[in-house]
Amino acid sequence: MDNLAMDTVAFSDDTAAPAASPAFSGTLTDKLKEQFEAGLLSDPSLRPDFTIEQPLHRYTETDHAVWRQLYHRQASMLQGRACDEFLRGLQTLGMEADRVPDFGRLNEQLMRATGWQIVAVPGLVPDEVFFEHLANRRFPASWWMRKPEQLDYLQEPDCFHDVFGHVPLLIDPVFADYMQAYGKGGLKAAGLGALDMLARLYWYTVEFGLIRTDKGLRIYGAGIVSSQGESVYSLDSASPNRVGFDVRRIMRTRYRIDTFQKTYFVIDSFAQLFDATRPDFAPLYQALRAEPTLGAGELDAGDRVLHAGDGSGWSDSADI
Ligand SMILES: [Fe+2]
């Protein structure tokens with residue numbers, strides 16, 4: 001799972017994709033409250049870092065069937081669409097296709113490859129808890145599966161999004177380092193009141209990033225690879241903008257939590273992504289505070305535009 005500020009997701013296939021961003025929408029407290037009320041956070045086995053033992057005994061045959069259906073659908077959809085690093089990660093991990101995976105078994109491979117681990121969480125976790133996990137190479141994943149009627153639309157990230165979407169790339173050494181650096185950066189940004197800007201970076205890379213390869217544009221963002229509809233839209237539709245990656249630009253760009261994205265940012269390599277997170281962001285945050293934000297679908301003067309979206313089908317509702 002991802003934390004609220006970064007990535008509360010509504011993955012939709014046909015209409016909406018992603019996530020809420022309670023850090024700016026002010027719903028973090030509400031969401032956590034909801035979880036408390038639902039008893040999700042009052043489980044006596046909940047540890048202080050919001051993790052639990054993955055309750056394997058609680059998965060039903062329906063949960064496994066939903067996993068199986070989503071896995072097969074996406075694994076086939078993503079051939080020729082997801083980047084090689086993602087597809088290789090899926091294979092190297094030996095992620096189960098027919099049952100919800102046991103995190104412990106995936107962790108054996110992950111630990112050997114990059115020292116990352118998946119930790120099970122019952123739902124959303126507070127920002128700083130999330131960052132602390134990432135900074136220590138632990139990826140918090142929701143243990144529960146969406147219901148059969150939620151195959152294409154879900155408001156919060158479930159096990160399929162978190163594990164199928166996020167974990168394969170953690171086996172890539174450079175991306176693995178980027179995620180850890182992001183966690184460390186999050187802890188700093190929280191102290192600087194800059195989570196809104198850093199959240200945009202997560203959004204437009206980890207969740208909705210595209211990468212340029214010799215074979216053409218490919219997907220690496222978890223929000224896309226776990227969504228059938230957005231796997232097609234992000235690459236093939238004339239509607240969204242596709243713009244070259246630029247940290248400053250991304251940190252000024254608002255985004256959509258209720259529809260597919262209006263703009264995708266395209267990296268040239270994971271090394272480019274990691275290098276961009278090396279500098280201390282404190283001066284950048286300060287400088288960017290003085291600049292206006294950009295709407296999710298706006299193009300800017302300095303953009304390296306790979307494709308200017310025609311905006312077809314964009315809804316008028318507000319950007320985050
Ligand atoms: Fe996510």
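Q: In which helix is His166 found?
A: Helices are DSSP runs of H or I with at least four residues, numbered from the N terminus. His166 is found in helix 8 (residues 159-166). The model is predicted: local features need pLDDT of at least 70, side-chain atom pairs count only at pLDDT 80 or more, and totals for chains, interfaces and linings use all residues. Residues are numbered from 1 along each chain as its sequence is written.

Q: Is His166 buried or exposed?
A: A residue is buried if 20 or more other C-beta atoms, placed from the backbone, lie within 10 Å of its own, exposed if 12 or fewer, and partly exposed in between. His166 counts as buried because it has 25 C-beta neighbours inside 10 Å. Glu207, in helix 10 (residues 195-207), is also buried, with 29 other C-beta atoms within 10 Å.

Q: Which residues does the UniProt annotation "binding site" cover?
A: UniProt positions are given in the numbering used here, feature names are shortened, and annotations may be inferred rather than shown by experiment. In the unreviewed entry, this annotation covers His161, His166 and Glu207. They span 47 residues in sequence, yet no two of their C-alpha atoms are more than 10.2 Å apart, so they gather at one spot.

Q: Which residues of helix 6 are buried?
A: The buried residues of helix 6 are Phe103, Leu106, Leu110 and Thr114. Seen down the axis of helix 6, they fall within an arc of 65 degrees (taken from the directions from the helix axis to the C-beta atoms), so they line one face of the helix. The face turned away from this buried side carries the exposed residues Met111 and Arg112.

Key
Helix = DSSP H or I, 4+ residues; strand = E, 2+ residues; numbered from the N terminus.
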